[in-house]
Structure formats: structure tokens, C-alpha cells
Amino acid sequence: MGFEISRSTSLSAVQAWDRLTDWERHSAAIPLTSVTRWPGSATGVGSGFTGRTSLGPVGFDDPMEVTFWQPPEGDRPGVCRIVKHGRVVVGWAVLVVTPEGSGSTVTWREEADIRFGGALLRRPNAIVGKAVFSRLVDHLLSD
């Protein structure tokens, strides 16, 4: 069980894409989490970043790799697929930025699970994930 978020914005598709894929900017909107790009990792397929979620000394890393990268161009939507390779969180996310007139529509779809959490944690994880990522997308598009 995952979630999907969709937002319309007055930002152009390129502007929205640039904000959503500036991974380090995610740190400002995700509680207790700091996002860092992998060393030598630029953008595009094969690039990656890690979200470190912690409270004091207790925490976990959420390493993610970009497996598909197509920035928006003209009327063509931008699409980015991310795979989560963590010891705690596994799954994937797809970000789509579609040009709409002078603005754009952003869709964030994510399927992620707590490893070893099974069906018991699937629904609570989707509810919390949707709330956290709704806040993230709203924050990134509002600056």
C-alpha cells in the first residue's frame, strides 16, 4: 500500500522539477531528517542520496538511487524514479512533473515499506508517508 500526491502550481515544469529534484532541500521539510547527496553523485540515472532520520544518537539511513531520469522538455513531462535500498525502508517513488499552460502539475507516487514490518505496518506507513510527503511537496513548491 502506497500513496499518491498531486499538486498544481504556477511554477513552470522546469522550475518545479528543479525544486523537487534538489534532494538536499528536502531536509528543510522532513522532520528529523537530513538529506545528503552521495559523493561524486550529480543528477540522473545512477545518482543517489541518503536521508538520515534520527533523534539524538538513534536513527537510520534511507539510501536512494535514481533509476530513471527524464527532465521536462517542451510539452513532455519530467519523470524521475527513485529506488530505496535501505536496511529499514525499501520501495520506490516516481515523481512526474507535467507542463500545464504556464504552470505545471506535480505527482508524487510512492510505494515504501518498513523492512520486516510486513502487512502490520503497511497502512500506518502509507498514512504517515502521505502526510510527510504532502508537506514536503507543498514546501518545495511554495518557496
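**Exercise 1.** Is D113 buried, partly exposed or exposed?

*Solution.* Start with the ground rules. This is a predicted model, where local features need pLDDT of at least 70 and side-chain atom pairs count only at pLDDT 80 or more, while totals for chains, interfaces and linings use all residues. Residues are numbered from 1 along each chain as its sequence is written, and side-chain values use heavy atoms, leaving out hydrogens and water.

Next, take the scale: buried means under 20% relative accessible area, exposed over 50%, and partly exposed in between (1.4 Å probe, protein chains only). D113 has a relative accessible area of 23%, so D113 is partly exposed.

**Exercise 2.** Find the salt-bridge partner of D113.

*Solution.* Apply the rule first: a side-chain nitrogen of Lys or Arg lies within 4 Å of a carboxyl oxygen of Asp or Glu. The partner is R122, with the closest N and O atoms 3.1 Å apart. R122 is partly exposed too, at 28%. In total, the count comes to 7 salt bridges. D62, K84 and E110 are linked in a network of them.

**Exercise 3.** Describe the largest nonpolar core and the contacts of L95.

*Solution.* Such a core is a set of buried Ala, Val, Leu, Ile, Met, Phe, Trp, Tyr and Cys residues joined through side-chain atoms within 4.5 Å. The largest has 26 residues, and L20, W23, L95 and W108 are those with the most contacts inside it. Now look at L95: leaving aside residues up to four places away in sequence, L95 touches L20, W23, G78, V79, C80, I82, T107 and W108, where contact means heavy atoms within 4.5 Å.
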